[in-house]
Amino acid sequence: MTAATLNKRFLSLAALGLSSLSAYYLLKDRNLSLLHAQSNSGLKYSDFPPSRSVNGSNHSPLKITLFQYHTCPFCCKVRAYLNYYGYNYDIVEVNSVWRSQLKWSDYKKVPVLVAKDANDETVQINDSSVIVSALQTLLLDSSESITRVGDYYPQISFKNEKGKTVTEFENKYFVMLKDSVKDGQTADERKNERYWRSWVDSHFVHVLSPNIYRTPQEAVQSFRWFDKAGEWEKHFSSFERTTIVYLGAAVMFILGKVLKSKYGLDDDVRRSFYQSCNDWLSEVGPKKFAGGDSPNLADLAVYGVLSSIEGCNAFADLRTHTKIGAWYDRVADQVNRHAGAEKLSSVKRR
């Protein structure tokens, strides 16, 4: 298929698909509250069996279930955290078209994490950054309860300058520790970590879509990678997969242009991508990680978001034109080895 033919087909598909911009908003990390895992539908989260289980080396009493799309950057961020700290957890892969695996929940976006403690208290956490902060609080302070931790992240709603109601969390980047609990960080290190975690959500993640959907060809290649990485053959028919790849790519190609303008990216969006990664590498500096000898929560956030596009052309270009590769590979090694579980044991012995 020639580039001209592909462009014509893209315009036709985009005309059909732009009326439903949900393809983008499914990737958005919506901010709702920490909830008891119950639903008005009468269904329970446990009615939907796990797609797979991840076995780590962390002996946390929490039974964790993660509802996700495999290549959602916010879901990848949560998985990076869980894997680094060696949690055992179940994954329920959500069908991105029907979302039937979320029928039990009033909240219909991903990631959704359900955690049950040793006392059978069960809560639902809906925001990727709150998930990480809440779990880190519990991990470092065994005296906390999973239900009480929710009080540290109150939900607030307000109208923005366009009159749209926006819902957010207070303290979403804060790990809530008593003075008696030590995490091995200074106050300045914690503040810096929070800044870069916020940077990932407010800036970095918005650079991805305009890059992986930069051209029609790249948009199709990206969706083919999502198909492979997400094992869509287990969830969709061949016709459905083909439709999702080409219709989704067409919509996202157009929307990528909108996002480029909205977030003020360079006309050559690769330059904005490279600059953002170089800004992050400046923060890392000569250290192995931003966290020093081991990754901190900011390292895991940047790595997690980047891992969502690992098979896309934009990521290959990034490795070629920046020095991000060495840092990325070091974090990947730490995450895959569940190195945080060993670090945690060391901190708690101090």
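This is a predicted model: local features need pLDDT of at least 70, side-chain atom pairs count only at pLDDT 80 or more; totals for chains, interfaces and linings use all residues.
Just after helix α3, G86 takes a positive phi of about 70 degrees.

**Helix α3**

- Helix α3 covers residues 73-84, which makes twelve residues.
- At 1.5 Å a residue, α3 should span 16 Å, and its end C-alpha atoms are 16 Å apart, so the two values agree.
- Twelve of the twelve residues of α3 are buried, so the helix is largely enclosed by the rest of the structure.
- The buried residues of α3 include P73, F74, C75 and C76.
- K77, R79 and N83 are also among the buried residues of α3.

**Burial of the tyrosines**

- Y81 has a relative accessible area of 1%, and it counts as buried because that value is under 20%.
- Y85 is buried, as Y81 is.
- Y87 has 2% relative accessibility, so Y87 counts as buried too.

**Aromatic pairs**

- The structure has 15 aromatic pairs, counting rings whose centres lie within 6.5 Å.
- One of these pairs is Y81 with Y85, a tilted pair with 5.0 Å centre to centre and 50 degrees between the planes.
- Y81 also pairs with Y87: the ring centres are 6.1 Å apart and the planes are at 35 degrees, so this pair is tilted.

**Aromatic cluster**

- One aromatic cluster is formed by Y195, W196, W199, F204, F273, W280 and W327.

Conventions:
Residues are numbered from 1 along each chain as its sequence is written. Side-chain values use heavy atoms; hydrogens and water are left out. Rings of Phe, Tyr and Trp (its six-membered ring) pair if their centres lie within 6.5 Å; planes under 30 degrees apart count as stacked, over 60 as edge-to-face and the rest as tilted. Buried means under 20% relative accessible area, exposed over 50%, partly exposed in between (1.4 Å probe, protein chains only). Helices (H or I, at least four residues) and strands (E, at least two) are DSSP runs, numbered from the N terminus. The expected span of a helix is 1.5 Å times one less than its number of residues.
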